Amino acid sequence: MTRVGQPTATAGPHPPGEPSPRRRNRRSRWRLIVPAVAAAAAGGLVALGQTSLVSSLDAMLPDAGRINSFNRPGTITILSSDGKVVLKKGPATREKLPAGKMPLLIQRAFVAAEDRRFYQHDGIDLLGISRALLRNLQQGAVEEGASTITQQLARTVFLSQDRTIVRKLKEAALAGKIERQLSKAQILEQYLNYVYLGSSAYGVSDAAWIYFSKRPDELTLPEAAMIAGLPPAPSVYSPLVNPELALRRRSIVLGRMREAGFIDDAQLRQADASGLDLKPAEPKYFANPAPWYTSWLEQELPKILTKEQLEVGGLTIRSGLNAAWQIQAQKTIDTYASGSMEGALVAMEPGTGLVRAMVGGKDWEKTQFNRASQALRSPGSTFKLFIYLTALQKGMKPEDTVVDSARCFGKYCPKNFGNRYMGKVSLATALQNSLNVVAVGLLQKIGYDPVIATAKSLGIHRELGRYLSMAIGANEQTVLDMTAAYAALVNRGVYIQPTPFEEIYGPEGEVLWSRRSNGPRGSRAVNSDIADAMVWMLQQVVRGGTGGGAALGDRPVAGKTGTSEGGRDLWFIGSIPQLTTGVWLGYDNNRETGTTSVLATYAWRTFMAPISKGLPVQQFPPKPVLTGSFKPLPTPKKDAPRDATPDEGATRERPTESPPESEPSRTSAPDREPPRTEPPAEPAPTETPRPEPPAAPRSREPAVPPPAPQPAAPAAPAPPPPIGAPPPP
């Protein structure tokens, strides 16, 4: 019997030198704990190292958030003044579907065709790679790709298409980061918006329209399968290029959709038996409704953005273009530039410099030469603006009298139209009737340099030759520059450089340029009273002079006509308070039109009459009272050179030839339109040949237009459409 407290055999005294059982148990427990703790610590260190490695790698890679604002290099979206898309240039997705709007049928078709384990992998599908490799080896051709949808998205947005090991490693790393930062739904939607699908289709919305003229949600099963089969080789599988190959590729996609359980056997058979049923359409925003305007805009763009900004792409430009006015402008030029005649029109706001419409010819597909911004043409009597304006600045007044009579200036003998002379007339009357002799006489009295300075202050930067025929248009100019000069007077003497830009946004939506903060600042060209007096004189030209054909019945118009020798150039530049519009008509090969600028006045009115109906009626400032005193230059002696100290190398008038005559004078506005079968019957004026023009400055160097075809007989200019005749003055 064992007593309480008496040691048992197992609990008895242990041999000397051996640890007690309790100590042995404690050591056994530590033998188990220490490895577990060590393993946990090692696992934690590995996890921490892996997390640190992933974080370090992610920090070296682009942010996946940039996918939402991805744009391919060189893409530009041009908006009209009201924010509507006019044109998308470059490899742009023209219509993206917003989040949550991608049809389920399209998602399933692409997942089956491109990445059937899309929802199971984390960006890289090793099982898919093995399967694709095996299938391609069995078929002896590349029938299945190894890249996941995530990898393809990474390659499209962040990488090139180079087939190198380095690119594939970057692609894999980026795919992993994209999977960590975006959901599967986001990845798939962005991929379907950006994937190239042939025939200028970037994204499924573009492809649905280009191949079937449908929205994505209108696509049928065979149509969706055909589009889903395009990514591996868009140009090869395109049904517009290889319809039979496209059908075979569609069958493969339909088979994979059946394998994935997305469709049943009946759907497979029905879809596989259907035809392509294509209905091709041009990509949206691909046709350019305003090519003359947008081409000028693109030429101006490098002047305000850096090369790097232009190369990145994704620019959105809100322009000054009024789309409805542009249509009316093109229609006007097409109507009045008959036969092989050409024309140009520029409409701009005097107070902002924004060009609202620009037409540089009749057929953009035939020639891209922009006659509004590039063609150098004799401005004829529209150049008299600078002569009369300088005379006012020198102290003359609109009511001051001048003598209009046949006379010579040395050996230079200008003539009025029809050799008609009015004797003693006011300065305003001389401009109203576009009297050549008076204009040349004024130039002689005030000198070349003041006139050149006035012209330069109003944006005329081409070199002006110092010769008397300058007064009647010997120095060639562009329609754009001349229109901007006239607009400055309506802006009460403040010149603003014409611009097509309202705002420019970068690929992230940031404002890169704004007209209000970065645009051209106005510069004071002439005193406001002088400008107002000049505008008043230009109103008389329309009320009772050569510009009568441009009169609008409900509002004032100020403008000036211009006709060069033989009617080679027909001009009218006119303004209402809100808008200045310049019109030019003529032939590229400089042949005679056989008519006068009366035709240009009717073209101007045809453009302005409908668009002005949407503008409030405004008045020009009243005629100011000028108080200056004029001191003419000393009259040169009879034996002095007829052109006082012209620039060295400048072309002088030829004494045996006549200068350009003016438009036919009018003392009242025309009371009817010209006949429908014949141009206005005024005789064609004659002029000395224009001197060789000097080179254009900077970006306005003119291109050489192709010569217009020479018809057997001149075509009669088209008559104006029947609109109300202007009221009598």
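Which backbone oxygen lies 2.7 Å from a polar atom of the side chain of Lys397? In this predicted model, that oxygen belongs to Gly628. Lys397 itself is found in the loop between α15 (384–393) and β6 (401–404), and although Lys397 is buried, it has no salt bridge. The nearest side chain of opposite charge, that of Asp400, is 4.5 Å away, and a salt bridge is counted within 4 Å. Leaving aside neighbours within four places in sequence, Lys397 is in contact with Leu392, Leu427, Leu626, Thr627 and Gly628.

Leu392 is also touched by Met534, whose other contacts beyond four places in sequence include Leu385, Tyr388, Leu389, Leu431 and Leu489. Met534 is, together with Phe386, Tyr388 and Leu489, one of the residues with the most contacts inside the largest nonpolar core, which has 85 residues. Helix α19 (residues 479–490) gives the most to this core, contributing 10 residues. A second, separate core has 52 residues, among them Met102, Ala112, Ala271 and Leu276.

Strand β1 (residues 76–79) directs Ile76 and Ile78 one way and Thr77 and Leu79 the other way, with all of them buried. In a regular strand, side chains alternate between the two faces of the sheet. The pairings of β1 are set out below.

| Partner of β1 | Sense | Bridges |
|---|---|---|
| β3 (residues 315–319) | parallel | four |
| β2 (residues 85–89) | antiparallel | four |

β1 and β2 form a hairpin with five residues between them, and in the turn Gly83 has a positive phi of about 90°.

Note on methods:
Residues are numbered from 1 along each chain as its sequence is written. This is a predicted model: local features need pLDDT of at least 70, side-chain atom pairs count only at pLDDT 80 or more; totals for chains, interfaces and linings use all residues. Side-chain values use heavy atoms; hydrogens and water are left out. Helices (H or I, at least four residues) and strands (E, at least two) are DSSP runs, numbered from the N terminus. Buried means under 20% relative accessible area, exposed over 50%, partly exposed in between (1.4 Å probe, protein chains only). Lys and Arg count as positive and Asp and Glu as negative; His and the chain ends are not counted. A polar contact is a pair of N or O atoms within 3.5 Å; within protein, one must be able to donate a hydrogen and the other to accept it, and residues adjacent in sequence count only if both atoms are side-chain atoms. Contact means heavy atoms within 4.5 Å. A nonpolar core is a set of buried Ala, Val, Leu, Ile, Met, Phe, Trp, Tyr and Cys residues joined through side-chain atoms within 4.5 Å. Two strands pair if DSSP finds at least two bridges between them.
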